Amino acid sequence: MKMGFRWYGSGNDSVSLDQIRQIPGVDEIVWALHSKLPGEVWEKDEIKAAVDEIKAKGFGVSVVESLNVHDDIKTGAPTRDMYIDKYIESMRNLKEFGVKVICYNFMPVFDWTRTDLFHPLPDGSTALFYEKSRIKQDPKEMAEYILKECKGLTMPGWEPERMAELDSLFEKYSKIDKETLWENLKYFLEKLMPVCHECGIKMAIHPDDPPWDIFGLPRLITSEENVERFLSMVDDPCNCLTLCTGSLGASEHNNIPAIAERFADRVAFAHIRNVKIYENGDFSEVSHRDCDGDVGVLGVIKALHDKNPEVYIRPDHGRHIWGEKCRPGYGLYDRALGIMYILGAWDMLEK
Ligand code: DNO
């Protein structure tokens with residue numbers, strides 16, 4: 001297993017590489033060129049600058065999160081082939097710097113969505129929270145709220161440039177139903193698979209978060225059944241999953257340890273975090289500790305340990321603790337605690 005830590009880059013993250021170096025057991029920085037919009041090619045000199053900075057501190061750069069997919073690919077617009085070509089160009093550039101896994105998502109319009117980014121927990125910390133009844137509100141209000149809380153820090157999937165054009169984005173998706181979205185995903189991946197083999201890169205789709213339709217937009221990677229459909233639709237060892245335990249785990253219908261076990265060989269990357277689901281369907285992010293939430297974190301770790309010991313893992317969102325001021329979900333302290341929990345369980349399994 002290789003342990004990673006997501007980092008948004010100098011000037012775009014409250015955490016430094018020097019701090020990350022002091023968390024035991026971190027091998028990799030999970031990185032991206034965060035100033036790039038979906039559809040822009042990641043040029044070699046830009047990749048080199050990012051990678052050099054990370055490698056200088058002794059970390060690997062094998063996992064990119066995310067190389068975002070342009071909406072014209074998701075909607076199957078006439079320009080999609082042009083955007084797929086650009087995507088492939090970025091992949092070939094990334095390969096030259098040793099990238100092995102590309103995490104991406106196929107969520108329409110929005111990336112992960114929450115109604116409260118700093119919801120108080122009983123212990124005095126705060127965490128990301130989803131209140132089901134509030135999601136009926138105007139999506140523009142939601143985008144404004146999220147951008148405000150991110151205080152000018154770039155957040156993948158929530159690029160201000162895209163959010164400013166929400167009407168036309170919603171218009172693009174107005175004729176896209178679930179089956180069309182599945183077809184467009186298949187089309188995209190079938191173009192990419194030969195390039196993956198040429199480059200030794202695995203494409204690892206991130207599940208939809210939350211794992212159900214929101215704002216009338218269809219979402220695909222939401223359940224065990226749909227993960228199975230996704231993996232068999234393009235049945236190629238390079239067509240993989242980012243097992244985000246908290247995304248799939250927000251639905252009480254998903255048994256995450258069972259999903260981890262069943263698809264372990266196609267899990268290229270795992271995001272480990274825990275969520276607590278309430279009876280009314282709301283959910284809160286909580287600490288990584290198994291008994292604090294409903295994900296079954298220890299079962300997931302055991303499944304990956306037993307069936308895919310080469311997997312890349314990162315702790316996912318943490319709570320905001322000890323007064324830390326950070327990007328929502330991405331502080332230092334609780335993610336460092338998460339790493340120690342995951343490594344503790346892993347080491348014990350090894351012994
Ligand atoms: C949230 C993340 C997602 C993820 C993308 C991958 O914190 O898990 O934003 O990076 O969906 O494309």
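A polar contact is a pair of N or O atoms within 3.5 Å; within protein, one atom must be able to donate a hydrogen and the other to accept it, and residues adjacent in sequence count only if both atoms are side-chain atoms. In this predicted model, Asp111 places a polar side-chain atom 2.9 Å from an oxygen atom of the ligand. The side chain of Ser66 has an N or O atom 2.4 Å from a ligand oxygen. For Trp112, the corresponding distance from a side-chain N or O atom to an oxygen of the ligand is 3.3 Å. The protein buries 99% of the 330 Å² that the ligand exposes when taken alone. These areas come from the Shrake-Rupley method with a 1.4 Å probe; for residues, only the protein chains shown count as cover.

Local features of the predicted model need pLDDT of at least 70 and side-chain atom pairs count only at pLDDT 80 or more, while totals for chains, interfaces and linings use all residues. Residues are numbered from 1 along each chain as its sequence is written, and side-chain values use heavy atoms, with hydrogens and water left out.

The shell around the ligand holds 14 residues, of which Glu65, Ser66, Asn105, His317 and Tyr330 come nearest. A residue counts as near if one of its heavy atoms lies within 4 Å of the molecule or strand. By class, the shell has five nonpolar, five polar and four charged residues. Here Ala, Val, Leu, Ile, Met, Phe, Trp, Tyr, Cys and Pro are nonpolar, Asp, Glu, Lys and Arg are charged, and the others, Gly among them, are polar. Strand β4 gives the most to this shell, with three residues. Helices (H or I, at least four residues) and strands (E, at least two) are DSSP runs, numbered from the N terminus.

The ligand takes up the space of the largest cavity. A molecule sits in a cavity or pocket if more than half of its atoms lie within 2 Å of its grid points. On a 1 Å grid over the protein atoms alone, a cavity is a set of points where a 1.4 Å probe fits but cannot get out; lining residues have an atom within 4 Å of a point. The structure holds two cavities of 30 Å³ or more. The largest contains about 160 Å³ of space. Volume is the space filled by probe spheres set on the points, which are joined across faces, edges and corners. This cavity is lined by 21 residues, with Arg6, Glu65, Asp111, Trp112 and His206 nearest its centre. Eight lining residues are nonpolar, six polar and seven charged. Strand β4 (residues 101-105) gives the most to the lining, with three residues.

The second largest cavity has a volume of about 90 Å³. Its lining comprises 13 residues; Asn68, Lys74, Asn105, Gly157 and Arg162 lie nearest its centre.

Backbone geometry was also examined. The peptide bond from Glu65 to Ser66 is cis, with omega near -5°. Ser66 lies in the loop between β3 (63-65) and α3 (71-74). Asp209 and Pro210 are also joined by a cis peptide bond, with omega about 0°. Pro210 is placed in the loop between β7 (202-206) and α9 (224-233).

How values were computed
On a 1 Å grid over the protein atoms alone, a cavity is a set of points where a 1.4 Å probe fits but cannot get out, and a pocket is an open set with protein on both sides within 12 Å along at least five of seven lines; lining residues have an atom within 4 Å of a point.
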